[in-house]
Amino acid sequence: MKFVDQTRIFLKSGPGGNGCVSFRREKYVEFGGPNGGDGGKGGDIIIEAVTGLNTLVDYRYKRHYKAQKGQHGMGKNMTGASGEDLVMKVPVGTQVFDEEMEFLIADLVKVGDRVVLVQGGEGGLGNTHFKSSTNRAPRRTTPGGEGEEMWVVLRLKLIADAGLLGLPNAGKSTFLSAVSRARPKIADYPFTTIRPQLGVVGVGQNEFVMADIPGLIEGASEGVGLGHRFLGHIERCGVLLHLIDATEEDVVASYETIMGEVEAYGGDLTGKPMIVGLNKCDAVDPEDLEEKRLALADAAARPVMTLSGVTGEGVKEILSALWDVVKEDMAQRAAEDGLDEEQGSAPAGEWSPV
């Protein structure tokens, strides 16, 4: 299935049905009076986060969505049927922006989050509503309300516990395939990975989700190589694993290139817990590897771990370190969710934009 993480669509809610002009006509009832029913309400367009989806490909090829209109009112004070709501199912982690991507309308971060994007028009009033002591046979009604319409941009940010960072050909895909059942394309050339990948990683009896994004290059935070969209996929991760190719001549420069893009991107990536790993240690002389590790640790001001995704050396230690951070992040999020429930706050997504 093709991975699509951003698309632009048009939404139009259903218009309301018109009110009806009708009068009661029965045998032996000379002046029955008005009995025109109201029109039905138009359908809303609702967006909902569901499980089982990890791409927006369904909204790439169909761009226009319209909800059902309400039926017109009828005689005998019968109200027209309301239009059926249109529920758009999207992956967890989907964000909804306005057409210019200046305002965030909704952020669906949990299964079941749902937001009314455009509301259907109200039904018109039948002539029964306009009966008075001076006008016993009104022929006045009101039309149904027009539906709302708007262009929106859907953007997907993958939900993962840990994210992989690194320059192209740093060995991220090899590492992900070694620790999970994910099977990303692996080859000895840059930009082998062209779309984000997810894998479930096991650590003892525990599991967490890891995301691999295509390699970043200088200027990624400004959109070079679509880097700003790739960085968005790891923005929700609890911890980042920064892999650096140990066969590079200047590993410090590689580290600083990526960190410069992370800092320039900002957002939720700034200050996120990070583990630095010197990958492909099996392809470097031990003395040279230790020299590079010390230089990198000095530049990063944090411990640097060595590993090899091919031979498995150092992989268990890396996963253990990642799980320690992921476990704390999970506990913190669970505590925050429990606090929200105790305070009686509304669940995420239970609101409608004005």
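I began with Cys237, which is buried at a relative accessible area of 1% (buried means under 20%, exposed over 50%, partly exposed in between, with a 1.4 Å probe and protein chains only). Cys281 is buried too, at 6%. I searched the whole structure for disulfides (cysteine sulfur atoms within 2.5 Å) and found zero.

This is a predicted model: local features need pLDDT of at least 70, side-chain atom pairs count only at pLDDT 80 or more, and totals for chains, interfaces and linings use all residues. Residues are numbered from 1 along each chain as its sequence is written, and side-chain values use heavy atoms, without hydrogens and water.

Next I took the nonpolar cores (buried Ala, Val, Leu, Ile, Met, Phe, Trp, Tyr and Cys joined through side-chain atoms within 4.5 Å). The largest has 29 residues; Leu165, Ile234, Leu278 and Leu296 touch the most other members. Helix H3 (251-265) is one of the elements that supply at least two residues (helices are DSSP runs of H or I, at least four residues; strands are E, at least two; both are numbered from the N terminus). H3 gives the largest share, seven residues. Another core, of 26 residues, lies apart and includes Phe3 and Val92.

Then I turned to aromatic pairs (ring centres of Phe, Tyr and Trp, its six-membered ring, within 6.5 Å; stacked under 30 degrees, edge-to-face over 60, the rest tilted). I count three. Phe10 and Trp151 are tilted, 5.3 Å centre to centre and 55 degrees between planes. Phe10 is in strand S1 and Trp151 in strand S8, so the pair ties together parts 141 residues apart in sequence. Phe10 is buried at 12% relative accessibility; Trp151 is partly exposed at 25%.
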